[in-house]
Amino acid sequence: MKRLNNLYYSKRIKELLAELQTAGTTLVVAPMGYGKTLAVQYFLQEQERCGKKVLRQSIYGAGAEAFWQGVCHSWQNTELGAALLQQSLPADANAKTLVLELFRQLLPQEPVYWFIDDLHLLESSEVIDFLFALSKAGFADLHLLLVSRGQIFDGSRLLELGRKVFCLDKHDLALQRDELAEYSSRCGLQLTTQQLDALHEACEGWFSVTYLNFLNYDRYQRFCLDTGSVYEMIANVLLRPLPSEQQRLLLLMGQPEEFTPEQVAYAYGTSCRESVGRLLECNAFIIRLANGRLRCHHMLKQATRHAFGLLPEAEQQMYFRRLGQWYAQQKEYEEALDWLYRGRDFDGLLAAVQQLRDWSMHPQHRQHLFDWLCECPPEILWQYPQAVLIIMRRMFSLNMVPEMLQVKEWYVTALERNTALSQRERDNYYGELEVILSFLAFNSITGMSEHHRCAYKLLSGAPQTLSKQGIWTFGAPSVLGLYLRTGCSLRQTVEDMQECMPPYYLLSGWHGAGAAELTEAEALLLQGRIDEMDMPLQKAYYQAEKHGQECITICCDFLEMQRDLFRGVYSSKAEAYSRHQWQLQPWKQSMLLNTADMCAGFYYALLGKPEYIPSWLTDGNGQQPSVLYPARPCRNYISAQCLLAQGQYTELLVRWSDWEQECRPYSNFLCLLYLQVQRAAAFAGRGDVTSCRASLKQALAMAEADKLVLPLAQNIALLRPYLEQEAQGECSAAAAAALHLGQQMEAGRGQIMSARFAEAGLQELTEQELQIAQLAAARHTNREIAQRLSLSEGTIKQYLNKIFAKLQIDAAAKNKRHQLERFFSNS
């Protein structure tokens, strides 16, 4: 009796697969048709029989987003899965840190085998980076099984993983000559030695081609050893010999990535369950999945899709339409969209869109988003204003603003033409439109507020387009960095924020709570009114924590860190941020880790401790962690301050034009001011007096009207002599105020350095340096020290410069000896 569809695993293969039980990560890499997936599935079935937990994930497209959706789906119904749903694919070091921490904390306390198939279909380096980080972490109970046609990790990464990774390739999976003989015997074929030799030589152990030859031999008593294409073999052996009905059914099976027999019968249009069953029984290229669905092997899928494309277009559309309707009936609306579009069923497509309020969107939908509405007949479009609204919302998130404005006109027309809507429904739709249009007014507080107030009047409930869980600051640590648009507008911006935020709180359920108070506190800090900012800052903290607005809390911390520099108080929050010791919980968004890095980096740049600055802030290699686009100007001026602290003046000037340009789209005036000050400081650091004075004059002119002296004061070490000159010029008030505030910051910084870092600094001094430092701290002059130690004054001066550097005492400061005295009194 023939048993051609029986799976065969040799003793050698079984022994190799047993190694997977002890491997942290297994890489199975071989060309198509070598039985990679079947071998791993065999191993996993054995583990399931032993009660082990198995997760399976198949890759069906090139997109990183679809991959991450698959990750979350794989881990669903677990605590880890719930936490991963709150994250996106980690694209930078901070995001990886967060996700790996979630794995460490929330992995089930039992062995888990996580199988990810067809990684070669991905075109995302971020996915591979994440899988490498997961492999390198080496969680004891997690076994990662990765299958691909091509290389997954390069040679250097394989070396780095060492014994943490186990590899199988096509030579391990290929049928050997004795295994081919045993396989043919188990299938019930009686082959001669010569036939086995010829078949092994022609197929070279290629499992799928061997199987196709067995089928052909069983039917025609001959092998297909001279066929040029495996796809042609599939067509000749598996497709063309079938009756017409079964041919169509097999073609339909090859269209979805996964399918069920009921789905194929529905798409075919008539009762054909028996025919479907017969196809499944006699075709080993159709694989049954753990979720109860089936899928065609890639080789069969490619062959059937080619044949399907030869059908008349009207017939193809009919099948596509039925597949889409099947998914819609199963409430798998995202899957339905593309099929309905390909089937030209716009009525069904827009009805499906209306079910997708929290639409994550597959990558292919981005390409067709505008096409759907352009190609939809107007009389259908007018019946679905809610669908048009949802699509328009997605267009904004994809930065498709021109298309979005065009769709707005269609949306209004749809509302006016839809006579079935009640007035309340119509008002709600217009209210949602106002919410979306408010984003186009960013960063005009009053402009956005006009839309918010209008939306509040129209809506009968909470808007669907806003989420309290979203990051109100876009990842920026400064509110005025986002919303201060011009000079001479600081007081007006504060008043606008205080007037406009309360209506927005009512509309959004307290999204961004504390922002109004925070804006006032930041304005006072920028003007150097340090003691006046405490009350609004505490109010901002209270509102943000009361309403769970973590992004506002981080902005409060950013102001507190800067304020405490003037008071000589070391920031424990900065230290916690730099070490990521801040209540790492599953619901934390990785973008806020990047915000925390920016806060800590800026603080340590001002403190003069560049070794504590997160490296990504100054790398400039294009792999910077993500903040949303509106927050990039804030990130840039913080990076510039970090470069100044590191003495990388030329690097700052090289990048300056790009950073300045990124402030233009949203008129980020405060960020422009910081960059102008930092440019002057960089020229000063290079000794370019003429360029420094020109840049400083521009910065003073920008700062003068609103007395925005903080950026100048924070760069006092490099700008002092130039500010002293400008204190006699046109912007004398701003220059004098900056000098006064800068002296306060230097004094506070000195207190922190002496109190916090004195002991470590003193331990770095040599015996000779310590003796000289003690004499200098006792207010002996250089000449007196030189005479006592029998050295020259020049030598003493050189020693003191080294001492000041080791103790982090600003070499340009006038009170260096006083700071040195404080070091010894505190240590």
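# Briefing on selected helices, loops and contacts

In helix α43, the buried residues are Ile796, Leu800, Ile803 and Phe804. They span an arc of only 95 degrees around the axis, which places them on the same side of α43. The structure described here is a predicted model. The points below treat single helices, then helix pairs, then individual residues and backbone features.

**Helix α43**

- Helix α43 comprises 14 residues, 793-806. From its first C-alpha to its last it reaches 20 Å, close to the 20 Å expected at 1.5 Å a residue.
- Gln798 and Ala805 are exposed on the other side of α43.

**Helix α16**

- Helix α16, residues 298-308, is mostly covered, with eight of its 11 residues buried.
- The buried residues of α16 are His298, Met299, Leu300, Lys301, Ala303, Thr304, Ala307 and Phe308.
- Among the elements that cover these buried residues of α16 are the helices α11 (207-220), α12 (230-239), α13 (244-253) and α17. The cover also includes β6 (286-288) and β7 (294-296).

**The pair α17 and α18**

- Helix α17, one of the elements covering α16, spans residues 313-329 and packs against helix α18, residues 333-342. The angle between them is about 160 degrees, and their axes are 7 Å apart.
- Because angles over 145 degrees count as roughly antiparallel, α17 is roughly antiparallel to α18.
- The crossing of α17 and α18 is left-handed.
- On the α17 side, the residues in contact are Gln317, Phe320, Arg321, Leu323, Gly324, Gln325, Tyr327 and Ala328. They meet Tyr333, Glu335, Ala336, Trp339, Leu340 and Arg342 of α18.

**The pair α36 and α37**

- Helix α36 (residues 669-686) and α37 cross at roughly 155 degrees, and their axes come within 8 Å. The two helices are therefore roughly antiparallel to each other.
- The crossing of α36 and α37 is left-handed.
- From α36, the contact is made by Phe669, Leu672, Leu673, Gln676, Val677, Arg679, Ala680, Phe683 and Ala684. From α37, it is made by Ser691, Cys692, Ser695, Leu696, Gln698, Ala699, Met702 and Ala703.
- Ala703 belongs to helix α37, residues 689-704, and is buried, with a relative accessible area of 0%.
- Apart from residues up to four places away in sequence, Ala703 touches Leu673, Leu708 and Leu712. Leu673 is also one of the α36 residues that make the contact with α37.
- Between Ala703 and Glu499, which are 204 residues apart in sequence, the C-alpha to C-alpha distance is 25 Å.

- Pro31 is located in the loop between β1 (25-29) and α2 (36-49). Its relative accessible area of 36% makes Pro31 partly exposed.
- Once neighbours within four places in sequence are left aside, Pro31 is in contact with Lys36, Arg149 and Lys170. The C-alpha atoms of Pro31 and Lys170 are separated by 7.0 Å, although the two residues are 139 residues apart along the chain.
- Asp169 is part of strand β5, residues 165-169. With a relative accessibility of 33%, Asp169 is partly exposed.
- Asp169 touches Val29 and Ala30, again not counting residues up to four places away in sequence.
- Arg149, listed above as a contact of Pro31, lies 20 residues from Asp169 in sequence and 9.5 Å from Asp169 in space, C-alpha to C-alpha.

**Backbone features in loops**

- The peptide bond from Phe442 to Asn443 is cis, and its omega is near 5 degrees. Asn443 is in the loop between α24 (423-440) and α25 (445-458).
- Cys488 has a phi near 60 degrees, a positive value in a residue other than glycine. Cys488 lies in the loop between α26 (479-483) and α27 (490-508), and at 64% relative accessibility Cys488 counts as exposed.
- Arg779 likewise is not a glycine, yet has a positive phi of about 70 degrees. Arg779 is found in the loop between α41 (767-777) and α42 (782-789).

Key
Residues are numbered from 1 along each chain as its sequence is written. This is a predicted model: local features need pLDDT of at least 70, side-chain atom pairs count only at pLDDT 80 or more; totals for chains, interfaces and linings use all residues. Side-chain values use heavy atoms; hydrogens and water are left out. Helices (H or I, at least four residues) and strands (E, at least two) are DSSP runs, numbered from the N terminus. The expected span of a helix is 1.5 Å times one less than its number of residues. Buried means under 20% relative accessible area, exposed over 50%, partly exposed in between (1.4 Å probe, protein chains only). The arc is that of the directions from the helix axis to the C-beta atoms. Axes are lines fitted to C-alpha atoms, for helices over the stretch in contact, and angles run from 0 to 180 degrees between N-to-C directions. Angles under 35 degrees count as roughly parallel, over 145 as roughly antiparallel, 65 to 115 as roughly perpendicular and the rest as oblique. A crossing is left-handed if the near helix is turned anticlockwise from the far one by less than a right angle, and right-handed if clockwise. Contact means heavy atoms within 4.5 Å.
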